[in-house]
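Hi,

Here is the structure I promised to pass on. My notes on it follow below; have a look when you get a minute.

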Amino acid sequence: MNDFIFWAGIILAIIFLLIYIFGERKTRRNVRSIHEELSKEVLPTVSAGSHYKDIPAKKESVSTTFNAFRNSAGLRLDTDEYNAYLVQGNSMQYCDIHTGDIVFSPKGFRVDDLNKFPSIIILKNNEATSEQCQYKIRRAWKICQDNLSEPKYDDILKEIMESSEYIILKEKARDIYESDDEMLKEFKRKLDIYINERKTSDTTENIVISSTYNVDDKKIKFSIHRISSIMGMVKYVASVTHPQNKK
């Protein structure tokens, strides 16, 4: 009888031990699963390039809520105060913004907030379908009227290209930068396209002159956008390592 009680106790102890081990492993798996889910977030994409049709409107990245992001002073960023976008493409590489980075734009943006140039801006892509990337990222250099004379635009472009920030850009891109004359010629070509499109509308609107690196042509180019398409300014950039970016 004593032997039976002894072995029954041993068996019960083994059973309880197995239940404990199984339960602990299951708990660890559940905790790990919850942690992995909390560390992820689906963010709206922003196109750094011209291939927006190949980029989905949203894509998974790291969580902006359950990860610590720091501002330039080293203080933790309150991400609830910002709109976050996942960069797709490398046309902003001369601004040290690369594909896979997360850019933060303060909520409640007004065009009047854009008073320092150059600034990195987020633009609404009105040509995209609901399934395609909804935003573009560009470097803004100037806001001006869209009905100026050609000499006025020449003066504006000259002012931009003589600025210290533009000279730094030229130095960074010296291997692919053609010339100021080519940049001016490309701007006028796009301005002609813009003016022809505006003729179909009775309204005028201020425009923002921006630049980007065209990864297909391997050239820096100016572009023109209506200010109504500006969704915000980029204040912070977070370089994030993603599995797909690892070599």
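Tyr153, Ile156, Leu157, Ile160 and Met161 are the buried residues in H2 (buried is under 20% relative accessible area, with a 1.4 Å probe and protein chains only; helices are DSSP runs of H or I, at least four residues, and strands runs of E, at least two, numbered from the N terminus). Down the helix axis they fall within an arc of 130 degrees, so they line one face of H2 (the arc uses directions from the axis to the C-beta atoms). Their cover includes S6, H3 (164-172), H4 (180-198), S7 (207-214) and S8 (219-226), with contact meaning heavy atoms within 4.5 Å.

Before I go on: this is a predicted model, where local features need pLDDT of at least 70, side-chain atom pairs count only at pLDDT 80 or more, and totals for chains, interfaces and linings use all residues. Residues are numbered from 1 along each chain as its sequence is written, and side-chain values use heavy atoms, leaving out hydrogens and water.

The largest nonpolar core has 23 residues, and Tyr166, Phe187, Ile209, Ile220 and Phe222 touch the most other members (a core is a set of buried Ala, Val, Leu, Ile, Met, Phe, Trp, Tyr and Cys joined through side-chain atoms within 4.5 Å). H2 gives the most to this core, five residues. Beyond four places in sequence, Phe187 is in contact with Tyr153, Leu157, Ile209, Phe222 and Ile224.

Finally, Gln134 sits in the loop between S5 (119-124) and S6 (135-144), and counts as buried because its relative accessibility is 17%.

Cheers

Technical notes: Buried means under 20% relative accessible area, exposed over 50%, partly exposed in between (1.4 Å probe, protein chains only).
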